Amino acid sequence: MKSIEINIQDAVSFAEKQYKANRTSAVEAMTTLHEGNGEGSDFLGWLHLPSSISQELIDRINKTAARLRENCDYVVCIGIGGSYLGAKAVISALSDSFADLYAPAPHNPKVLYAGQNIGEEYTAELEKLLTGKKFGIIVISKSGTTTEPAIAFRIFKEMLENQAGKEAAKDLIVAVTDEKKGALRTLATQEGYETYVIPDNVGGRFSVLTPVGLLPIACAGFDIQKLVAGAVEMENTAAHESEENPVEVYARLRNALYQSGKKIEILVNFNPKLHYFAEWWKQLYGESEGKDGKGIFPAAVDFTTDLHSMGQWIQEGERTIFETVLSVKKPAITRRIPEDAANLDGINYLSGKRIDEVNKMAELGTKIAHVDGGVPNIKIELAKLDEHTLGQLIYFFEKACGVSGYMLGINPFNQPGVEAYKKNMFALLEKPGYEKETEAIKAKL
Ligand SMILES: O=P(O)(O)OC[C@H]1O[C@](O)(CO)[C@@H](O)[C@@H]1O
């Protein structure tokens with residue numbers, strides 16, 4: 001069952017020549033990816049990941065999730081970047097928009113996040129919320145050495161042990177990390193936590209379909225089997241090089257637009273549930289392509305909300321942008337606009353219409369306005385928001401990212417630039433081993 005469709009008719013005309021010319025490099029990039037002989041090919045574990053996920057792993061994850069769901073009102077996912085964004089993207093796309101404001105129901109914990117920032121208030125306020133509450137922790141770090149999650153884990157581990165007792169805490173903590181390396185692996189082994197492995201050949205931003213994403217998603221009560229089935233379907237759809245392959249179409253077109261001066265891609269949603277999906281997408285493309293002085297800048301907006309803040313810029317600002325719109329065909333719930341006898345607001349012409357009918361006309365009107373204003377518009381239509389569709393969409397963007405990165409001529413699977421801030425931070429904090437860097441950076445201040 002095909003759940004996502006890509007429509008390029010309102011974008012391709014902006015870069016028709018480049019799009020045609022890019023066919024060869026798209027085929028080459030796809031072949032390089034399939035043959036595993038390009039840069040970063042040690043990190044291609046995601047390519048056939050969906051179809052290689054065993055039933056045994058799914059069952060084990062569901063079992064762990066059931067234990068946490070049974071014993072916790074809150075599950076705190078500790079991780080940053082690819083170690084939390086995929087889970088948050090799927091969970092918030094599938095959850096009630098106000099889920100976090102309802103009291104936790106038995107066997108249905110709230111999934112919360114920590115270690116994705118170094119906010120002192122954020123951390124202290126989460127501690128306040130969890131005081132006296134039944135909670136568990138999923139700590140996720142591929143390297144097992146990232147500072148932000150390490151700080152959070154130190155704090156929430158101690159809190160859990162104090163509240164539940166050290167022995168009980170062990171059953172409430174699950175670690176997802178490298179099979180052998182890293183401080184988190186050592187700690188988990190020492191403490192006897194249940195652990196899951198992030199495969200060596202799957203980078204953080206490509207890891208949502210490993211236990212990194214699957215465990216928190218299962219804890220939130222969603223069907224990971226369906227998510228994986230959706231991804232498998234897209235793995236098959238996008239398996240072979242062809243002009244019809246949606247992955248090739250998207251990778252080829254965004255590169256053509258980039259070559260024609262469109263340096264910024266805005267991922268647009270008309271459904272606020274997809275806000276965090278865009279955050280996941282931003283890391284995927286930003287960390288993969290932004291290197292060697294190249295790369296489309298990935299941005300995101302929520303429409304119509306941001307039409308009232310960013311709409312002016314998009315309509316009339318510098319013509320260096322294109323839009324990729326995620327459009328959900330059908331909302332899961334029907335709500336119609338009521339009639340009002342006084343009609344003081346003048347919107348009785350909308351009475352009886354579904355809210356989504358207005359949304360869809362806003363979407364169409366925006367597309368026409370933006371295309372007329374020089375903004376190419378790629379549309380990705382999702383049949384509905386469910387696990388199956390999201391699984392397809394995740395794999396679609398992952399594979400397109402690999403193809404697109406190779407077309408751009410960079411290694412899409414490393415992230416050397418992220419180390420610069422870390423090195424300076426460690427030097428400024430006088431981390432042992434950084435003495436020279438400390439001296440050098442302090443001389444600059
Ligand atoms: O899972 P880890 O190793 O803690 O890394 C988290 C994130 O940090 C980065 O390594 C960047 O520092 C990302 O690539 C990654 O998603």
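Student: How should I read the pairing of the ligand with the side chain of Glu287, and what distance separates their atoms?

Tutor: The general idea is to look for N or O atoms of two partners that lie within 3.5 Å of each other. In this predicted model, an N or O atom in the side chain of Glu287 is 2.8 Å from an oxygen atom of the ligand. The side chain of Gln283 also has an N or O atom placed 3.0 Å from a ligand oxygen. With Gly82 the backbone takes part: one of its N or O atoms lies 2.8 Å from an oxygen atom of the ligand.

Student: How much of the ligand does the protein bury?

Tutor: Start from the area that the ligand exposes when taken alone, which is 390 Å². The protein buries 89% of that.

Student: Which residues around the ligand come nearest?

Tutor: There are 13 residues around the ligand, and the nearest are Ser83, Ser141, Lys142, Ser143 and Thr146. Sorted by class, the shell holds eight polar, three charged and two nonpolar residues.

Student: Into which domains is the protein divided?

Tutor: Domain 1 is made of two segments, 4-39 and 228-409, while domain 2 covers 49-225. Their C-alpha centres are 29 Å apart.

Student: How many residues of each domain are in contact with the other?

Tutor: Contact is judged by heavy atoms within 4.5 Å. On that basis, 24 residues of domain 1 touch 27 residues of domain 2. Together the two domains bury about 2,200 Å², with 63% of it on carbon and sulfur atoms. On the domain 1 side, the most area is lost by Val228, Lys273 and Tyr276, which together make up 30% of what that side buries.

Student: How many salt bridges and polar contacts are counted between domain 1 and domain 2?

Tutor: The count is one salt bridge and 10 residue pairs in polar contact.

Student: Which side chain meets Glu287 in a salt bridge?

Tutor: That of Arg205, at 2.8 Å from N to O.

Note on methods:
Residues are numbered from 1 along each chain as its sequence is written. This is a predicted model: local features need pLDDT of at least 70, side-chain atom pairs count only at pLDDT 80 or more; totals for chains, interfaces and linings use all residues. Side-chain values use heavy atoms; hydrogens and water are left out. A residue is near a molecule or strand if one of its heavy atoms lies within 4 Å of it. A polar contact is a pair of N or O atoms within 3.5 Å; within protein, one must be able to donate a hydrogen and the other to accept it, and residues adjacent in sequence count only if both atoms are side-chain atoms. Accessible areas come from the Shrake-Rupley method with a 1.4 Å probe; for residues, only the protein chains shown count as cover. Ala, Val, Leu, Ile, Met, Phe, Trp, Tyr, Cys and Pro count as nonpolar, Asp, Glu, Lys and Arg as charged, and the others, Gly among them, as polar. Domain bounds come from an automatic or database domain assignment. Buried area is the accessible area (1.4 Å probe) that two parts lose on being put together, summed over both. A salt bridge is a side-chain nitrogen of Lys or Arg within 4 Å of a carboxyl oxygen of Asp or Glu.
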